[in-house]
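Colleague: Before I use your labels, I'd like to hear what stands behind them. Can we go through the model together?

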Amino acid sequence: MSKPTFAPLKDTKLFTPIKLGNYELQHRIVQAPCTRMRGDKESDGVHVPGNLMAKYYGLRATKGGLQIAEATDISRYASGYPGVPGIFTSSQIAGWKKVTDAVHERGGYIFLQIWHTGRASPPSFRGGKLPISSSNRPMEGSWIDGVTCESNPPTPMTRDEIGAVVGDFAEAAKNAVEAGFDGVEIHCANGYLLEQFLHDNINHRTDEYGASIQNRCRFPLDVLKAVCDAIGPDKVGIRLSPWNYFQSTRDSNRLEHWSYLCEQIANLPSAQKPAYVHMVEPRFDEVLDENQKIESLANNDKETGISLSPFRNILRKCGILFLSTGCFSWENAVPKLESGATDLIGFGRWFVANPDLPKKLANGVPLTQYDRSTFYFTVPPEKGYIDYPIQTAEAT
């Protein structure tokens with residue numbers, strides 16, 4: 001084993017147990033969901049998890065550890081990217097069963113993040129149909145296929161369409177449990193469909209799904225309640241990103257509006273209250289570096305304190321666990337936990353390059369640097385996916 005290059009963390013709070021729902025986690029390190037685009041194409045719009053994905057997640061499983069699998073399409077036209085797996089066909093359920101078996105064989109737990117990308121999905125991914133969203137406000141820039149978003153503005157969802165998508169989320173959750181997942185995480189962040197209803201610069205509706213924060217929260221809360229009803233609240237988490245800029249999200253009062261949403265989640269009946277809420281740290285951004293992001297928030301938002309703490313404090317009062325992700329390392333993970341600002345720490349990029357991340361953190365072993373150029377689809381697909389070295393003995 002390599003000599004430690006930082007203090008071993010095995011005797012810190014990072015390696016203390018915690019109960020999440022009905023699951024006894026043995027440490028606080030969570031593999032955060034990261035889109036990797038390695039699904040096997042079965043047909044247009046249908047990608048299936050294969051042996052490669054099973055190996056990827058199996059390599060990163062630890063006894064009593066939690067993994068959250070990548071954002072997964074709830075329906076045929078939910079996707080915005082190539083190679084993203086779904087959970088709406090029998091073949092996809094069977095494919096994911098290989099993944100969950102690989103994780104459970106090592107004593108780990110795994111949730112599936114489920115999403116609909118809304119206006120982030122180009123017509124070429126939707127059989128030529130326009131994308132759907134809260135209103136007709138397009139994103140800035142272009143989709144992944146090069147077509148400008150402005151040239152094909154989204155269609156505002158009808159009430160029937162909203163109800164159908166609520167049903168799709170619930171069905172996806174049931175399919176995930178059938179595939180062996182221990183639970184699901186609802187993706188209500190990063191500018192995708194559910195968050196497109198939350199931001200007031202996107203949602204210009206005047207009906208019961210818009211015009212006020214109470215109405216803008218209705219659709220995401222309906223999804224949360226439906227998923228809890230479908231599989232039980234102990235198996236449900238939800239991801240939020242109140243300080244997010246990604247995909248033209250520019251709400252006018254993030255602190256007030258996401259505080260309201262958290263209050264609503266906290267006050268749900270126990271049968272519909274999620275086991276945890278996952279939030280992205282303000283400093284994280286898909287484009288800006290940490291300093292640029294914080295400076296931009298400070299200059300452009302009404303809030304003077306840019307933090308997840310107000311949301312954490314609302315949720316903690318009702319016993320909902322808090323998972324924080326975004327730019328964590330061996331240096332700042334333990335102080336975050338010891339301050340009481342979170343219950344769990346999510347690692348994304350470091351988990352990509354270090355399949356045995358918990359073992360390395362426990363023993364102060366040097367971390368392998370990740371290669372951003374291989375985060376998404378590569379040729380061959382194994383590159384940057386299952387070829388990172390494991391430098392330690394069997395993971396914790």
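Colleague: Which residues do ring pairs link into a cluster with Phe 6?

Modeller: Trp 330, Trp 350, Tyr 370, Phe 375 and Tyr 376 join Phe 6 in that cluster. A word on the ground rules: this is a predicted model, where local features need pLDDT of at least 70, side-chain atom pairs count only at pLDDT 80 or more, and totals for chains, interfaces and linings use all residues. Residues are numbered from 1 along each chain as its sequence is written, and side-chain values use heavy atoms, leaving out hydrogens and water.

Colleague: What makes the rings of Phe 6 and Trp 330 a stacked pair?

Modeller: Rings of Phe, Tyr and Trp (its six-membered ring) pair if their centres lie within 6.5 Å; planes under 30 degrees apart are stacked, over 60 edge-to-face, and the rest tilted. Here the centres are 5.3 Å apart and the planes are at 15°, so the pair is stacked. By that rule, the count comes to 17 aromatic pairs.

Colleague: Where in the chain do Phe 6 and Trp 330 sit?

Modeller: Phe 6 is in the segment before β1 (18-20), and Trp 330 is in the loop between β13 and α10, 324 residues apart. Strands here are DSSP runs of E, at least two residues, and helices are runs of H or I, at least four, numbered from the N terminus.

Colleague: Why is Phe 6 called buried, and what is Trp 330 called?

Modeller: Buried means under 20% relative accessible area, exposed over 50%, and partly exposed in between (1.4 Å probe, protein chains only). Phe 6 has 12%, so it is buried. Trp 330, at 28%, therefore counts as partly exposed.

Colleague: What is the phi of Cys 327?

Modeller: About 65°, a positive value although Cys 327 is not a glycine. Most residues other than glycine have a negative phi. Cys 327 lies in the loop between β13 and α10 (333-338) and is partly exposed at 27%. Asn 190 also has a positive phi, about 55°, but at 5% Asn 190 counts as buried.

Colleague: What makes β6 and β7 paired strands?

Modeller: Two strands pair if DSSP finds at least two bridges between them. Six bridges join β6 (residues 66-73) to β7, and they run parallel. The chain crosses from β6 through helix α2 (residues 90-104) to β7 in a right-handed β-α-β crossover; that name means the path from the first strand over the helix to the second runs clockwise with the strands pointing away from the viewer. On β10 (residues 183-188), β7 pairs in the parallel sense over four bridges, with Ile 186 the bridge partner of Ile 114.

Colleague: With which side chain does Thr 325 make a polar contact?

Modeller: That of His 278, at 2.8 Å. The limit for a pair of N or O atoms is 3.5 Å; within protein, one must be able to donate a hydrogen and the other to accept it, and residues adjacent in sequence count only if both atoms are side-chain atoms. Thr 325 is in strand β13 (residues 321-325) and counts as buried at 5%.
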